[in-house]
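Here is a short report on how one protein chain is divided and packed. Please look over the sequence and the model before reading on.

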Amino acid sequence: MNFKISQKSSEVTVNSLVSIESVLQYLENIQPKVVFIDKAVLESNNVISNVLGKLELEIFVLEDPERDKGFAKLQQCYEFLHEINVQRNDTVVAIGGGATTDLVGFIASTFKRGIKLCLIPTSLLSQVDACIGGKTAINFLEVKNLIGSFYNPNEIVICTEFLMSQDKQQYLTGVSEIIKHALITSEAETDYIYENIEAINQRNTKSLEEIINRSINIKKDIVNEDFLEAGKRKFLNFGHTFGHGIESANVENSILHGHAVAIGMLMALQYSYDQELLSKNDFNKSSNLLRSINYDFSKIELDPNKIYNFMKSDKKNSSNQSISLILLNGFGEPVIYEETDTNKLLNFLNTFAKDFEK
Ligand SMILES: NC(=O)c1ccc[n+]([C@@H]2O[C@H](COP(=O)([O-])OP(=O)(O)OC[C@H]3O[C@@H](n4cnc5c(N)ncnc54)[C@H](O)[C@@H]3O)[C@@H](O)[C@H]2O)c1
């Protein structure tokens, strides 16, 4: 895979490399000034620490990227870049999952009003979702992604070998986004995921390369049309209004985002069917696909009132009087549905929670 993404006025090159060794070789060629790397990734493969240590660059290790994605670490990172005298045309590299790429993206977009950025996403979610579309973010006052910017990297490097060391449930969070991309695109894309579900579970390299490539292309095409999320890009929130409600209601249980989104998509599909938007056949097919993934939902609690209250305060609602949902009219036909009948939604959540089998 090697193609260009044009967003706003900038172009992003996406390179697909077969092995971690070739990624390190690539780094040697582009000669970045500094690499920010997730400690778990650094320790997951001896080659990374051995080779990185020999290259002429500075290394900044992020101990716990989701926790580090905030002001305290941000200040340390700026101080570090200042100490090593990073200039505007120097390149910074992020190697890690979405938390790392979000944080380093934000640093690159703000330090000296913007420095060159290369993203090397290492989790499935970051490869198919977080690295595409130019959104950067840090968490603030315990609110996720409250501060951020739109800033494209110059380059993205995708390497499936990184995925081999990812924890199974963490890996499955990326599968949720792949399924979301397929459902909002077409029945053919959904069928393709169905047919390859075993290969996805087994992390088969060849199949993964193709599936990731297709998923990136879907997001890239949407983002190219609507970089600043004024219209079509909102469809990428399919399952996310319900999902964020579930995630916020489970903040004590530290559940995974992709698992909340998977249940959020099941809710959105059921709601679409209940509103007679989605046919029985399409509803069954799409729900069965999601239910065929071995998500561990055991820690997730579905408290309808809590979920509803968080959904009401979702920052993406267009007014105080309604809740904005992305529903499906059919495969590849997402729609924005403004729900004003909040009792109906609350009743739905009660029934769904009662019937849901983990
Ligand atoms: N910018 C965007 O458009 C966008 C989109 C979706 C999500 N996000 C953000 O991305 C983050 C979620 O992404 P994520 O799931 O990658 O989270 P993450 O970066 O926290 O990684 C998840 C876990 O996997 C570990 N990990 C990553 N790669 C690994 C590897 N190759 N081997 C072993 N362990 C590895 C990490 O250390 C971490 O423990 C959130 O902060 C979310 O807000 C951003």
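The text below covers the domains, their contact and the nonpolar core.

**Domains.** This is a predicted model. The domain assignment gives domain 1 (2-165) and domain 2 (170-355). Their centres, taken over C-alpha atoms, are 27 Å apart. The contact between them takes 20 residues from domain 1 and 21 residues from domain 2.

**The domain 1 side.** Three elements each supply at least two residues of the side that touches domain 2: β1 (2-7), β2 (10-16) and α7 (124-130). Of the elements on this side, α7 gives the most, with 5 residues. The table sorts the residues of this side of domain 1 by class.

| Class | Residues on the side of domain 1 that touches domain 2 |
|---|---|
| Nonpolar | 10 residues |
| Polar | 8 residues |

**The nonpolar core.** In soluble globular proteins, nonpolar side chains tend to be buried together. Here the largest nonpolar core has 94 residues. Those with the most contacts inside this core are Phe 36, Val 92, Val 93, Ile 120, Ile 246 and Ala 268. Helix α13 (residues 257-274) contributes the largest share, 9 residues. Both domains take part: the core draws at least three residues from each of domain 1 (2-165) and domain 2 (170-355).

Which residues does Ile 120 touch, leaving aside its neighbours within four places in sequence? Ile 120 is in contact with Val 23, Val 93, Ala 94, Ile 95 and Val 157. Among these partners, Val 93 is itself listed with the most contacts inside the core.

Definitions and conventions: Residues numbered from 1 in each chain as written. Predicted model: local features only at pLDDT ≥ 70, side-chain atom pairs only at ≥ 80, totals over all residues. Core = buried A, V, L, I, M, F, W, Y, C linked by C-beta atoms within 7 Å. Buried ≥ 20, exposed ≤ 12 C-beta atoms within 10 Å, placed from the backbone. Helix = DSSP H or I, 4+ residues; strand = E, 2+ residues; numbered from the N terminus. Domains from an automatic or database assignment. Contact = placed C-beta atoms within 7 Å. Nonpolar A, V, L, I, M, F, W, Y, C, P; charged D, E, K, R; others polar.
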